[in-house]
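Please look through the sequence and the structure shown here before reading the report that follows.

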Amino acid sequence: MSAISLSKRKFSIHPDKLLLSTLGLLVIVPLLLFLVFPILIVFLKSFQVGDGMWGLANYTSTMVEAHFWIVVGNSLWLSVIVTVISVILGFIFAYAIQRSQMPGKQFFSIMAMLPMFAPSLLQALGLVFLLGRNGIINRWLGLDIEIYGLWGVVIADVIYAFPQAFMILSAAFAVADSRPYEAARMLGASKRQIFFDVTLPSIKFGLISSIFLVFTVTITDFGNPMVIGGNFSVLATEIYNQVSGQMNFNLGSVIAIILLIPVVVAFGIERFAGRKQAAFIPDNVSPLVPVKNKMLDSCMFIYSTVICGLILLVAAIVVYASFVKLWPYNMSFTLDNYKFDSQGGYAPLLTSVIVSLMAAVIGVVLVFGSAYVVNKTKNIITDLLNFFSILPAAIPGMVLGLAYIFFFNDTSNPLNIIYGTVFILTINSVYHYYAQGFLTASTSLQQISSNFDETSACLGASLLTTIKRVTLPILLPSILSVGVFFFMRTMVTLAAVIFLVSPKVNLAAVSVMLLDDAGNTTQAAAYSTLIILVVLVALLFLNLILKIFKIKTKSLIS
Amino acid sequence: MSKISEYKKHLLVLILGVMVGFGPLANAGEITVYSSLEDDEIADFLKVANKDLPDIKINVLRLSTGDLGARILAEKSNPKHDVIWGWAATNMINPQIMEMLEPYKAKGSDKLASKFKDAGNKWFAATGYMAAFCVNTDRLTKKGLPMPTSWEDLLNPVYKGELIMPNPNSSGTGYLQIASILQSRGEEKGWEYLEALDSNMGQYIKSGSKPCKLTRSGEYSVGASFAFIAMKSIKEGYPLKMVLPSEGSGFELEASALMASSKNKADAKKFLDWTLSPAAAKLYAKFKAIITIPGIEPSPEAQASGLPADVSTVLFDLDFAESAKNRSRILKTWREKLER
């Protein structure tokens with residue numbers, strides 16, 4: 001629904017269409033301003049050769065190096081392994097949370113999201129403390145396991161990607177109609193048949209989305225390969241080498257553009273295969289309530305305990321290290337690490353909370369708006385909206401941060417006023433994690449039948465009423481989980497914001513980096529611990545609000 | 001008590017500031033400084049600078065050398081900072097950066113030796129850092145390895161897999177190390193050496209301080225890193241020894257410069273003068289391995305961790321212009337020969 005069609009049919013326009021068009025504009029304009037235009041500059045830079053000259057020289061000089069193709073191979077191989085592992089783990093975990101009656105679901109859901117709100121430094125340190133050459137495992141077992149290299153990155157990336165796969169799959173499993181399951185059972189279908197013929201098709205969209213997302217965020221992540229990759233190079237670290245190592249933006253942009261290829265391919269496949277699945281909540285819904293099944297519930301409980309235990313272990317060891325004098329050489333207790341000798345002290349933590357709250361609210365509105373428009377109308381504009389909504393997954397944080405400088409620091413841009421303020425940090429985080437939010441929102445919407453709209457339309461209800469009475473209540477768990485996701489990620493994101501913070505507006509994650517850069521590893525661990533604590537308190541607070549207003553959701557994270 | 005109320009005041013100011021969104025323009029009497037000095041050094045320096053320059057509000061943004069370079073270049077069309085303070089000279093002499101600078105003869109810069117300042121007065125360096133090995137004595141003893149004293153020693157096959165150094169493609173320290181090896185041995189012998197060293201190398205990691213950090217926590221025996229992080233780790237109590245290779249240590253200057261785009265050059269100049277003042281020099285002695293201001297010796301603490309009183313005796317006299325000029329060629333060769 002575009003502005004053009006709106007003006008053409010000014011007289012006969014239906015209020016519902018007006019609503020969709022307005023909503024469309026409301027999400028498309030910021031998407032253009034805060035994503036498409038900045039990234040366009042990166043695209044142009046990749047063709048810039050010297051002063052004012054244009055051509056393909058950057059591409060050819062990148063591609064003739066034999067080393068480049070090794071790195072491409074590394075990146076693809078890594079992403080495939082991580083995708084397979086993360087999606088399988090996330091699938092079972094989401095099934096356990098949404099389709100079993102095991103105890104402690106809420107606790108497990110929050111723990112599964114821990115890697116989303118633990119600063120990346122903490123994860124990396126945790127892995128080294130545990131699995132490093134001088135790590136606990138090697139020391140206890142007297143082994144010499146080498147973590148630095150492909151397998152180290154695989155472990156770190158799975159920890160990073162698993163919660164994101166879980167979030168989408170959980171949204172897919174969350175809403176379901178019980179009747180196809182009953183029918184299948186009555187027709188004598190085996191559990192296996194039900195799983196393959198009813199369950200799996202019903203979450204097709206979520207499954208495809210999570211595969212796409214995990215693959216893309218893995219291939220664009222440079223934090224883990226930097227810290228734990230050893231001599232294993234990937235495309236994302238090549239960008240860092242070019243840009244930060246050698247101050248060469250043009251060659252860096254080439255690799256950034258190459259990293260977009262997987263998204264274009266995925267989008268093409270999706271278009272080709274057709275993405276509509278049968279909606280699984282028809283109009284006269286009878287929601288699927290998981291039945292108690294001792295065997296299944298115990299298996300799922302054990303599985304969830306193991307997964308969360310491992311995630312918790314990596315973080316807990318660093319939290320523990322933040323209270324000792326000198327890991328691993330002097331293990332006596334101390335609180336000294338919590339006296340930070342960096343600039344600003346605790347102040348950046350407060351800024352981070354404010355920015356993250358804003359990002360959560362703005363993020364939820366924008367991604368659900370986009371997902372709603374994309375799911376309700378199908379034309380070239382919504383196709384593009386769809387494409388650009390998933391594109392951010394393929395943009396490394398560093399590239400997005402620099403693109404923001406190029407675009408917003410230009411005095412001829414009226415939006416220049418937000419440069420150096422908290423607003424640019426907020427908006428940047430929203431668009432950095434847009435794809436994850438959008439795909440979760442889309443997955444939820446895909447589960448809801450469009451029959452709802454038709455039924456309510458027949459009953460004379462407007463689209464707005466339908467949204468308010470039907471769509472929003474069903475989506476509430478999903479909306480909360482996306483909001484929480486934006487909050488968590490914004491609290492710890494680093495790669496993009498280091499280019500956008502100013503001396504007066506600094507963030508907690510940057511403080512962690514500064515402490516670590518200066519060699520104060522244990523203080524950095526302590527600051528990370530505080531960030532985790534703040535997020536946990538925020539989650540408890542949200543839970544309290546929901547309780548006070550008696551809003552029932554299945555579980556906080558979907 | 002007063003500390004708490006002061007903190008509350010800060011908090012209030014911060015909340016208010018965050019709410020209105022800080023204006024991007026600096027006020028008169030206020031300067032913005034971009035720096036790659038370490039954050040705790042900056043905090044200490046600023047305490048004194050604020051006392052010595054009470055009329056100037058100094059706002060400092062700290063990023064690592066590489067990230068700061070990317071940021072400065074990206075902001076080139078509309079720079080946000082007045083001063084660059086303590087940033088790798090190798091990066092400073094990049095033509096894309098040089099054209100953003102304004103020549104300024106800071107008070108006291110005439111006392112600096114000519115190799116510590118730009119011939120055209122666009123930058124000067126008051127301090128520097130030098131390459132050094134971090135050796136984990138605990139791991140060395142456990143593995144029964146000898147203490148290395150030179151780059152040449154590291155070729156000993158007993159160190160196989162026990163060495164770690166930065167990747168020169170991503171780390172300035174890494175490039176500094178191979179540039180000094182190539183210059184001191186000559187390119188042909190230099191590459192032969194680097195290829196031999198490669199067979200002992202555990203990994204080339206992406207940052208300059210990481211080899212020392214991983215070595216101090218016992219992951220490797222010897223990390224080729226720089227002196228600052230080594231001295232700091234020793235002070236913190238890690239079982240670490242700093243070794244300055246007998247061939248001479250490569251070093252990097254921490255250069256400062258005035259931005260031509262600055263809207264408050266008067267105060268920016270006052271600050272640059274301050275960085276060469278006796279008060280500042282006294283502070284450098286506490287942190288810095290290399291102080292270019294004549295007559296300042298490293299602190300007793302620094303000397304205790306293995307720094308000689310006259311640092312110039314252990315430095316390899318690196319030709320910065322040469323190393324900057326050949327950078328992309330050398331890195332390309334490195335990728336072809338050594339990157340796995």
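## Strands β5 and β9 of chain B

In this predicted model, B:C134 stands opposite B:M242, a residue of β9(B). The two strands concerned, β5(B) and β9(B), pair in the antiparallel sense, and the pairing runs over four bridges.

The side chains of strand β9 of chain B, which covers residues 240-243, alternate along its length.

Chain B is divided into domain 1, made up of 25-129 + 252-306, and domain 2, made up of 130-250 + 314-338. The C-alpha centres of these two domains of chain B lie 27 Å apart, and the contact between them takes 16 residues from domain 1 and 16 residues from domain 2.

On the side of domain 1 of chain B that touches domain 2, the elements that give two or more residues are α3, α4 (89-92), β5 (123-136) and α13 (300-304) of chain B. Of these, α4(B) gives the most, with three residues. Sorted by class, this side of domain 1 of chain B has seven nonpolar, seven polar and two charged residues.

## Where chain B touches chain A

The contact between the two chains takes 58 residues from chain B and 54 residues from chain A. On the side of chain B, several elements give two or more residues each, among them the helices α1 (2-20), α2 (39-52) and α3 (65-74) and the strands β2 (57-62) and β7 (201-205) of chain B. The element that gives the most to this side is α3(B), with seven residues.

Which classes of residue make up the side of chain B that touches chain A? The residues there divide into 18 nonpolar, 23 polar and 17 charged.

## Backbone details in the loops

Two residues other than glycine have a positive phi, and each of them is found in a loop. In chain A, the phi of A:M247 is near 50°, and A:M247 lies in the loop between α14 (235-245) and α15 (249-258) of chain A. A:M247 is partly exposed, because 18 other C-beta atoms lie within 10 Å, and a residue counts as buried if there are 20 or more and as exposed if there are 12 or fewer. In chain B, the phi of B:N121 is near 65°, and B:N121 is found in the loop between β4 (101-102) and β5 of chain B. B:N121 also counts as partly exposed, because it has 16 C-beta neighbours inside 10 Å.

The peptide bond from A:W327 to A:P328 is cis, with omega near -10°. A:P328 has its place in the loop between β1 (324-326) and β2 (330-333) of chain A.

## Confidence in chain A

Chain A averages a pLDDT of 88, and 92% of the residues score at least 70. Within chain A, confidence is highest in helix α21 (residues 422-432), at a mean of 97, and lowest in helix α1 (residues 3-8), at a mean of 45.

Over residues 1-10 of chain A, pLDDT stays under 50, and for this stretch the model has nine contacts beyond four places in sequence. Where pLDDT is low, the predicted coordinates should not be read in detail.

Note on methods: Residues numbered from 1 in each chain as written. Chains lettered and ligands numbered in written order. Predicted model: local features only at pLDDT ≥ 70, side-chain atom pairs only at ≥ 80, totals over all residues. Contact = placed C-beta atoms within 7 Å. Nonpolar A, V, L, I, M, F, W, Y, C, P; charged D, E, K, R; others polar. Domains from an automatic or database assignment. Pairing = 2+ DSSP bridges. pLDDT = per-residue confidence, 0-100.
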